[in-house]
Amino acid sequence: MTNDTGLKAGVYKETLLRGLWRENPVFRLLLGMCPTLAVTVAVKPALTMGLSVIFVLLCSNIVVSIIRKLLKPHLRILMFTVTIATFVTIADLFLKAYVPRMSEMLGPYVPLIIVNCIIICRAEACASKSSLGVSIIDAAGMGVGFTLTLCVLAGIREILSTGAVFEVAILSLQSQGGWFVPLAAMSMPVGAFITLGLLLGLVNTITKRKTKG
Amino acid sequence: MVKVKYFVQQSWLLIVVSFCFGLLIAVANAAWQDRILQNEEDKFNNLAKGMLTEAASFETMVEDAEAESLKGKKIKINIKRAINAGGKCVGWAFSCEGSGFADKIKLVLAVDGSFGKITGFGILSSNETPGFGDQIKNPYYRNQFAGVPAEELELSKTGPSEKIDSEIIAISGATVSSESVIKIINHYVEQVKKQLQSRGLVADDK
């Protein structure tokens, strides 16, 4: 019995860590690139997007895991999409009602979570095959992994394009007598591509070193 | 009969789940709809209040006034009247939209009580290029509109931006965005004026 619980705890820990680093949706699997590039202009919208994805991922993994034994193989993608679309609509309505400013900043990217590959990938690869507990842990790991990645990317872009992080000024701008000249390009799509590319390179180097060592 | 049974067997879960999810969305919508509408109205009123400083409150005077969009489509707009603390009409505000450089630009336009002068515009939503087109929200450009006559505006590449007249100086590097705003304003001011005149809310031109 103790052995069984120990085994279970091991599986949970493994699942959680998988989402955070080894199979990080953005850096390792390169999934969900559309929001990664589009909403990382500043940390606030990135965090809002990340939290919305965590909510949708958790709900869809729970629902899919509960009905997994009733799923007909050829109708499963349809079921996943209906489930995801429902929770995305609820998240979208919630943002519009309680954080209208963020909802405006994110624009069409909240409804676009419906076609975010991370969520459908987790439903297919994990929730439709695993127990409820594993599915929840997996959703949490992947969701938090995605959110952290977005925030790192957004933090780098925000500080280089405005000299602030989380809208709190950190570098003194030249226009206000300081030394820092904001790079407008960092808030444009080109900044997103460059930052993501550099971070991917960095993560790959670290992973290579780790496997060698 | 066999076919029907087959279909039901295959799809009952989808039908049941769709029904439950539909119900869930309906509940969420019913719970938050009022708040969402209120948020939109607050945003409009806040922007309009920034341009009509004397206004104490806004009331919708003309609901669903017929207008033509820049692309020639028939659309409906709401025209609001601004009233000051004494109950006097101090201006008009309405929303309008048109295509910008990257995406649609939605504006709130405010005009004074006699519909003679534009008191300014506010941006409800826009997605112009950061650093260039998004400067339409900056004072350099926006202040040029405060107090211009409510008639045909023109865009000019150079000139003094402090002078308030129907000649608006473009933002360098963002001619398309500057022009879009003027196009939207020109297109709607005339239409709204006619709508108000036909209802006797604003005096006719002499």
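A crossing of two helices is left-handed if the near helix is turned anticlockwise from the far one by less than a right angle, and right-handed if clockwise. By this convention, α3(A) and α4(A) cross in a right-handed manner. The structure is a predicted model, in which local features need pLDDT of at least 70 and side-chain atom pairs count only at pLDDT 80 or more, while totals for chains, interfaces and linings use all residues. Residues are numbered from 1 along each chain as its sequence is written, and chains are lettered from A and ligands numbered from 1 in the order in which they are written.

Helices (H or I, at least four residues) and strands (E, at least two) are DSSP runs, numbered from the N terminus. The angle between α3(A) and α4(A) is about 145 degrees, and their axes lie 9 Å apart; axes are lines fitted to C-alpha atoms, for helices over the stretch in contact, and angles run from 0 to 180 degrees between N-to-C directions. Residues on the α3(A) side of this contact include Thr48(A), Phe55(A), Val56(A) and Val64(A), and those on the α4(A) side include Phe80(A), Phe87(A), Ala91(A) and Leu95(A). Two residues are in contact if their C-beta atoms, placed from the backbone, lie within 7 Å. The contact of α3(A) with α4(A) comprises 11 nonpolar, 4 polar and no charged residues. Here Ala, Val, Leu, Ile, Met, Phe, Trp, Tyr, Cys and Pro count as nonpolar, Asp, Glu, Lys and Arg as charged, and the others, Gly among them, as polar.

The largest nonpolar core has 43 residues, of which Ala46(A), Val53(A), Val56(A), Ala91(A), Leu150(A) and Ala154(A) touch the most other members. Such a core is a set of buried Ala, Val, Leu, Ile, Met, Phe, Trp, Tyr and Cys residues joined through C-beta atoms within 7 Å. A residue is buried if 20 or more other C-beta atoms lie within 10 Å of its own, exposed if 12 or fewer, and partly exposed in between, with C-beta atoms placed from the backbone. Helix α4(A) supplies the largest share of this core, 10 residues. Apart from this core lies another of 37 residues, among them Ala82(B), Phe145(B), Val189(B) and Val202(B). Beyond its neighbours within four places in sequence, Leu150(A) contacts Thr36(A), Thr40(A), Ala46(A), Met49(A) and Gly50(A).

Pro45(A) also belongs to helix α3 of chain A. Pro45(A) is buried, with 24 other C-beta atoms within 10 Å. Its contacts, leaving aside neighbours within four places in sequence, are Val39(A), Met102(A), Met105(A) and Leu106(A).

Between the chains, helix α4 (residues 76–98) of chain A packs against helix α1 (residues 2–51) of chain B at an angle of about 10 degrees, with axes 9 Å apart. The two helices are therefore roughly parallel, a term for angles under 35 degrees, whereas those over 145 count as roughly antiparallel, 65 to 115 as roughly perpendicular and the rest as oblique. The residues of this helix contact divide into 15 nonpolar, 4 polar and 2 charged. The contact between the chains takes 19 residues from chain A and 18 residues from chain B. On the chain B side, α1(B) gives the most, with 15 residues.

Positive phi values occur at Glu167(A), near 65 degrees, and at Asp64(B), near 50 degrees. Glu167(A) sits in the loop between β1 (164–165) and β2 (168–169) of chain A, and Asp64(B) in strand β1 (residues 57–68) of chain B. Glu167(A) counts as exposed, with 10 C-beta neighbours inside 10 Å. Asp64(B) is exposed, with 11 other C-beta atoms within 10 Å.
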